[in-house]
Amino acid sequence: MSAASYTYAVARPFDPTRAAGLVGVDGATIHLVRHQDLVAVVSPLAPADADETALRARLETLAELEAIARTHHRVVAAVAACTPTLPFRLATVHRSDDRVAQLLRREYRRFRETLDRLAGSVEVGVKIYVQHAGASAGTMSVAEKPGGSGSARVGRDYLRYRREQRDRRQHAWRRATSAAEQMDAVLAGLAIDRRQHRTQSAELSAAPGENVFNAAYLVDAGRADELAARARRLGAENPHVTIEVTGPWPPYSFTGSEHGEPT
Amino acid sequence: MSPAALPAREIALVDLLDRLLAGGIVLTGDITLAIADIDMVQISLRALITSLGRTTRSGVAERDA
């Protein structure tokens, strides 16, 4: 059984020497599958790794997931640096290069249209966080209060403290969410399009505070800095939130239809 | 500015997965081993939480119901 084809992206043809030395998943060499004025960026994957069960098992291991994700991105970013590029979803594997060529033939119009739509554009990621001041335990000082009448009093104070803490957090969250909506409106005004991602769990991002907003903005590559600077300024002007900007990225979040469906 | 002109600083995996597991062209049909997005995000995030959870500062993620 011959090698399967890990497919990174479809792109406008480019000088292949610019992809020379580009290494794909599992250290395999990148090559191009061409159909008319489209190329698919591909590397061979050992057949044993290419069935769905094996692939899933690999992606459920953090180290493997990370290695494949970073390789996928490195290849996409390298190609996107030389030509309009449509990234594929992680772990898009075809059974052979012939099947990739069939795909290019079958989806030619859709790929061409999407490439035309995204040519020259990049995405900028913006995440907004709220700080929960005093969220850590240990700030309660009921024990220091004079006249405390035993454990019932301490218990009541504790419950009140917990309630106030929760109310403070909810208030901070609502204030940050409302600030995020306003900032989003400003940034969307600078962008060609926007997509909202789900907010990131605090366990995953080493980020400061709770993520209340996570979006990507599509802009002309020449305006990415402007949008990023505007986002940072909006964050700096608001004492209640922290802003993190990522990118510019290849337009990963905008490869679907106009309605945001990843068709 | 091209994506390749990015500073070489490490991209956070979680930001990358936002894009690679929820973005990008998704193909359907018999020739592809397509990974369903929602499904995959959950699998991956579970793997991440399991791996990273032990080293996360306690209390940071505390949440009142």
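This is a short tour of a predicted model, stop by stop.

**Before you start**

Residues are numbered from 1 along each chain as its sequence is written, while chains are lettered from A and ligands numbered from 1 in the order in which they are written. In this predicted model local features need pLDDT of at least 70, side-chain atom pairs count only at pLDDT 80 or more, and totals for chains, interfaces and linings use all residues; side-chain values use heavy atoms, with hydrogens and water left out.

**Stop 1: confidence**

For the complex, the predictor gives an ipTM of 0.83 and a pTM of 0.81. The average for chain B is 56, and 28% of its residues score at least 70. Select residues 1-8 of chain B. Here pLDDT stays under 50, and the model has 16 contacts (heavy atoms within 4.5 Å) beyond four places in sequence. Move to residues 52-65 of chain B. Their pLDDT is below 50 too, with 18 contacts in the model beyond near neighbours in sequence.

**Stop 2: helix α3 of chain A**

Helices (H or I, at least four residues) and strands (E, at least two) are DSSP runs, numbered from the N terminus. Select residues 97-106 of chain A, which form α3. Its buried residues (under 20% relative accessible area, 1.4 Å probe, protein chains only; exposed is over 50%, partly exposed in between) are Val100(A), Ala101(A), Leu103(A) and Leu104(A). They lie on the same side of α3(A), because their arc around the axis (taken from the directions to the C-beta atoms) is only 155°. Their packing partners in chain A include β1 (4-11), β3 (38-45) and α4 (108-118).

**Stop 3**

Show β7, β8, β6 and β9 of chain A. These four strands form an open sheet in the order β7-β8-β6-β9, with antiparallel pairing (at least two DSSP bridges between two strands). At the edges are β7 (193-196) and β9 (241-249), each pairing on one side only. Look between β6 (121-130) and β8 (210-220): ten bridges join them. Val130(A) has Glu210(A) as its bridge partner in β8(A).

**Stop 4: aromatic pairs**

Rings of Phe, Tyr and Trp (its six-membered ring) pair if their centres lie within 6.5 Å; planes under 30 degrees apart count as stacked, over 60 as edge-to-face and the rest as tilted. The count is four aromatic pairs over all chains. Select Tyr6(A) and Tyr8(A). Their centres are 4.7 Å apart and their planes at 45°, so the pair is tilted. Both Tyr6(A) and Tyr8(A) are buried. Finish at Trp249(A) and Tyr252(A). With centres 6.4 Å apart and planes at 70°, this pair is edge-to-face. Trp249(A) and Tyr252(A) are both buried.

Definitions and conventions. pLDDT is the predictor's confidence in each residue, from 0 to 100.
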